[in-house]
Amino acid sequence: MVMTTEIAGPISSPFIGTAAGGYGGSRPREKTAVVTGAGSGLGRLITIALAAKGWRVAAAGRRLTPLEETAAVSVTAGATPGAVVPVPTDVADADSAAALFAAVGDRFGRLDLLVNNAGTGAPPGAVDELTPDGWQSIVATNLTGSYLCAHHAVRMIKAQHPMGGRIINNGSISAHTPRPRSFGYTVTKHAITGLTKSISLDGRPFNIACGQIDIGNANTAMTEMIAAGTPQADGSIKAEPTFDPRLAADAVLFMAELPLDANVQFLTITATAMPFIGRG
């Protein structure tokens, strides 16, 4: 059964509150974030988790209605009304991505966090099965979209006063190990690791921290097939365990609320018994 994002109360976990007060007096009281892919799944839960802890969040996604639903659910989870601002955005489109960050600058005046979460695994296929159009579609969302958002985020963070901010990229455990017939998704998620490392290095002089979260089998609509039964490396079909996706959102919140002189470079969170470590 796929977990919905109907949340009765504030999100909480052992992660939350670990870095309370970590920003210190030099940080603005209200922190501003951009979350991509915020209209559903992990993006919605990450947006809600941030907003419930006092962040102002520009919720980016292709369709306005799901973004408005995210904003409404955030209020029931403890966020201040208006803390989540829907911004319809196609992250793969250069003009649309630029407009997103221009809107954030106009409304909030600064950016403290970008969560590069938008991504797609469709169409699936091995290298000989994935068409050039299918390849370009996956690259446009997973890689070009992450680049465009990071490009504008870093430019904004470098220009603001006080300077500094954080980027968290959603890499997936496919940044480490492929599933069968997941060529486009796996290649682009491996590339996200290079994006993360390069931003982390180049951002040092500008008080920019960059880390990556790699999530395996969070129980969202995207993992419904995995819970029912999915192809394994040996050719068999097996159901795999999943875990509460709110824990992944809490992990992102923990990374986000660290002081900027500390960084989680890579964080992997999976269902304990999923076939990831080992030979299957």
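**Figure 1. Ser174 and the loop between strand S5 and helix H5.** Ser174 sits in the loop that runs from strand S5 (165-170) to helix H5 (183-202); helices (H or I, at least four residues) and strands (E, at least two) are DSSP runs, numbered from the N terminus. The model is predicted: local features need pLDDT of at least 70, side-chain atom pairs count only at pLDDT 80 or more, and totals for chains, interfaces and linings use all residues. Residues are numbered from 1 along each chain as its sequence is written, and side-chain values use heavy atoms, with hydrogens and water left out. Ser174 has a relative accessibility of 7% and counts as buried (buried is under 20% relative accessible area, exposed over 50%, partly exposed in between; 1.4 Å probe, protein chains only). Leaving aside residues up to four places away in sequence, Ser174 touches Tyr185, Thr186, Lys189 and His190, where contact means heavy atoms within 4.5 Å. Ser172 also belongs to the loop between S5 and H5. Its phi is near 80 degrees, a positive value in a residue other than glycine. Ser172 is buried, with a relative accessible area of 6%.

**Figure 2. The salt bridge between Glu240 and Arg179.** The closest N and O atoms of this pair are 2.8 Å apart; a salt bridge is a side-chain nitrogen of Lys or Arg within 4 Å of a carboxyl oxygen of Asp or Glu. Glu240 is in the loop between strand S8 (237-238) and H7, and Arg179 is in the loop between S5 and H5, so the pair ties together parts that are 61 residues apart in sequence. Glu240 counts as buried at 7% relative accessibility, whereas Arg179 is partly exposed at 26%.

**Figure 3. Two further salt bridges, Glu30 with Arg56 and Arg110 with Asp112.** The side chains of Glu30 and Arg56 meet at 3.6 Å, N to O. Glu30 lies in the segment before strand S1 (32-36) and Arg56 in strand S2 (residues 56-61), so this bridge ties together parts that are 26 residues apart in sequence. Glu30 is partly exposed, at 46% relative accessibility, and Arg56 is buried, at 17%. For Arg110 and Asp112, the N to O distance is 3.1 Å. Both Arg110 and Asp112 are buried. The structure holds eight salt bridges.

**Figure 4. Packing of helix H3 against H4.** Helix H3 (residues 94-108) meets H4 at an angle of about 30 degrees, and their axes are 9 Å apart. Axes are lines fitted to C-alpha atoms, for helices over the stretch in contact, and angles run from 0 to 180 degrees between N-to-C directions. The crossing of H3 and H4 is right-handed (the near helix is turned clockwise from the far one by less than a right angle; anticlockwise is left-handed). On H3 the contact is made by Ala94, Ala97, Ala98, Phe101, Val104 and Gly105, and on H4 by Leu148, Cys149, His152, Ala153 and Met156.

Figure 5. Val127, Phe183 and Val187 form the patch, with about 230 Å² of accessible area together. Patches are made of residues with over 30% relative accessible area and no salt bridge: like charges are joined within 9 Å, nonpolar side chains (Val, Leu, Ile, Met, Phe, Trp, Tyr) within 5 Å. Areas come from the Shrake-Rupley method with a 1.4 Å probe; for residues, only the protein chains shown count as cover. The peptide bond from Ala122 to Pro123 is cis, with omega near 0 degrees.

**Figure 6. The cis peptide bond between His161 and Pro162.** Omega of this bond is about 0 degrees. Pro162 is found in the loop between H4 and S5.

**Figure 7. Val252 in helix H7 (residues 245-256).** Val252 is buried, with a relative accessible area of 1%. Residues up to four places away in sequence not counted, Val252 touches Ile46, Val115, Ile168 and Ile213. Leu50 is 202 residues from Val252 along the chain, and their C-alpha atoms are separated by 8.8 Å.

**Figure 8. Asn217 in the loop between strand S6 (208-216) and helix H6 (224-228).** Asn217 has a positive phi of about 70 degrees although it is not a glycine. Asn217 is buried, with a relative accessible area of 6%. For orientation, the protein chain has seven helices and nine strands, and buried residues make up 51% of its 280 residues.
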